[in-house]
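Biologist: Hi! I'm new to this one, could you walk me through it?
Modeller: Happy to, let's have a look together.

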Amino acid sequence: MSVILQVAFPWDEDEDAVRAASLVQARELMRREEFIWKIILRDPRSRISGAVYLFADRAKAESWRAGLMARRGPSLEARIFEVDEAASLLTRAPLSGAAQGGAQALTIDRVNASNDE
């Protein structure tokens, strides 16, 4: 079952420096295969950055979280959530490939057909 790892952490650097560092990190991470995708988050007002990762399974997410915790320390908030794939696909979640072929997008026609029975 696919899972989401949600992380958040404070930062004290200049906003431009943080954005530049995010691009460098994203270029390095695009070659990694531990996660399916990552969305990078930032709130300049509160000076909190974060990310939402999609992993194929909990073990991969826990391993990634352990590495983040070791690097970022106690200021990192990190939670793992199981993905309700059937409901998420109905709301257009980008889960293709999440379950290695197990989850498929449900078109509205397929949903209506299943409700007609």
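Biologist: Where do E62 and R58 lie, and how many residues apart?
Modeller: Both are in helix α2, four residues apart, about one turn of the helix. Helices here are DSSP runs of H or I with at least four residues, and strands are runs of E with at least two, numbered from the N terminus. This is a predicted model: local features need pLDDT of at least 70 and side-chain atom pairs 80 or more, while totals for chains, interfaces and linings use all residues. Residues count from 1 along each chain as its sequence is written, and side-chain values use heavy atoms, leaving out hydrogens and water.

Biologist: What do E62 and R58 form?
Modeller: A salt bridge, with the closest N and O atoms 3.7 Å apart. The term means a side-chain nitrogen of Lys or Arg within 4 Å of a carboxyl oxygen of Asp or Glu.

Biologist: And how many salt bridges by that rule?
Modeller: Three. Another one joins R19 to E15, at 2.8 Å between the closest N and O atoms.

Biologist: Is E15 buried or exposed?
Modeller: E15 is buried, at 18% relative accessible area, whereas R19 is partly exposed at 44%. Buried means under 20%, exposed over 50%, and partly exposed in between (1.4 Å probe, protein chains only).

Biologist: Switching topic, which residues of α1 are buried?
Modeller: E15, V18, S22 and L29. Looking down the axis of α1, the buried residues fall within an arc of 55°, so they line one face of the helix. That arc is taken from the directions from the helix axis to the C-beta atoms.
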